[in-house]
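Thanks for coming. I will go through one model this morning, starting with charges and ending with the backbone.

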Amino acid sequence: MATAAHGLQDWWLRFQPHFETYAPSLYEHFQAANTLVGHNVGFDIRMINHEFEKADLAPIERPTYCTMQAY
């Protein structure tokens, strides 16, 4: 299934570190940002905040700029 979505095979993904391994470092980068930019950024922020919460980190609350809406 993963292969159809993004080309990565399930067996390879199964042996990668969990998100919690990288969450603190990513969290610092998000917290340092003045504005978060993304295509459909509202969806992305909801998804990443859900993962941060599972890693016992507070949600990221930063201004956003959505390139999809701008287009």
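How many salt bridges does a search of the whole structure find? One, where a salt bridge is a side-chain nitrogen of Lys or Arg within 4 Å of a carboxyl oxygen of Asp or Glu. Before the details, note that this is a predicted model: local features need pLDDT of at least 70, side-chain atom pairs count only at pLDDT 80 or more, and totals for chains, interfaces and linings use all residues. Residues are numbered from 1 along each chain as its sequence is written, and side-chain values use heavy atoms, with hydrogens and water left out.

The salt bridge joins glutamate 51 to lysine 54, with 3.4 Å between the closest N and O atoms. Both residues sit in helix α4, three residues apart, about one turn of the helix. Helices (H or I, at least four residues) and strands (E, at least two) are DSSP runs, numbered from the N terminus. Lysine 54 is partly exposed, at 47% relative accessibility. On that scale, buried means under 20% relative accessible area, exposed means over 50%, and partly exposed is in between, using a 1.4 Å probe and protein chains only.

Next, the aromatics. The structure has three aromatic pairs. Rings of Phe, Tyr and Trp (its six-membered ring) pair if their centres lie within 6.5 Å; planes under 30 degrees apart are stacked, over 60 edge-to-face, and the rest tilted. Phenylalanine 19 and phenylalanine 52 make a tilted pair, 5.7 Å centre to centre with 50° between the planes. Phenylalanine 19 is in helix α3 (residues 19-32) and phenylalanine 52 in helix α4 (residues 41-54), so this pair ties together parts 33 residues apart in sequence. Phenylalanine 19 is partly exposed at 22% relative accessible area, whereas phenylalanine 52 is buried at 0%. Phenylalanine 52 also pairs edge-to-face with tyrosine 27, at 5.1 Å centre to centre and 90° between the planes. That pair again links α3 and α4, across 25 residues. Tyrosine 27 counts as buried, at 14% relative accessibility. Phe19, Tyr27, Phe30 and Phe52 form one aromatic cluster.

Now the core. A nonpolar core here is a set of buried Ala, Val, Leu, Ile, Met, Phe, Trp, Tyr and Cys residues joined through side-chain atoms within 4.5 Å. The largest one has eleven residues, among them Tyr27, Phe52, Ala55 and Cys66. Two or more core residues come from each of α3 and α4, and α4 gives the largest share, four residues. In soluble globular proteins, nonpolar side chains tend to be buried together. Alanine 55, leaving aside neighbours within four places in sequence, is in contact (heavy atoms within 4.5 Å) with Glu20 and Ala23.

Last, the backbone. Which residues deserve a look at phi? Asparagine 40 has a positive phi of about 70° although it is not a glycine. Asparagine 40 lies in the loop between β1 (36-38) and α4 and is partly exposed at 32% relative accessibility. Aspartate 56, also not a glycine, has a positive phi near 65°. Aspartate 56 is in the loop between α4 and β2 (64-66), and it is exposed, with a relative accessible area of 73%. Most residues other than glycine have a negative phi.
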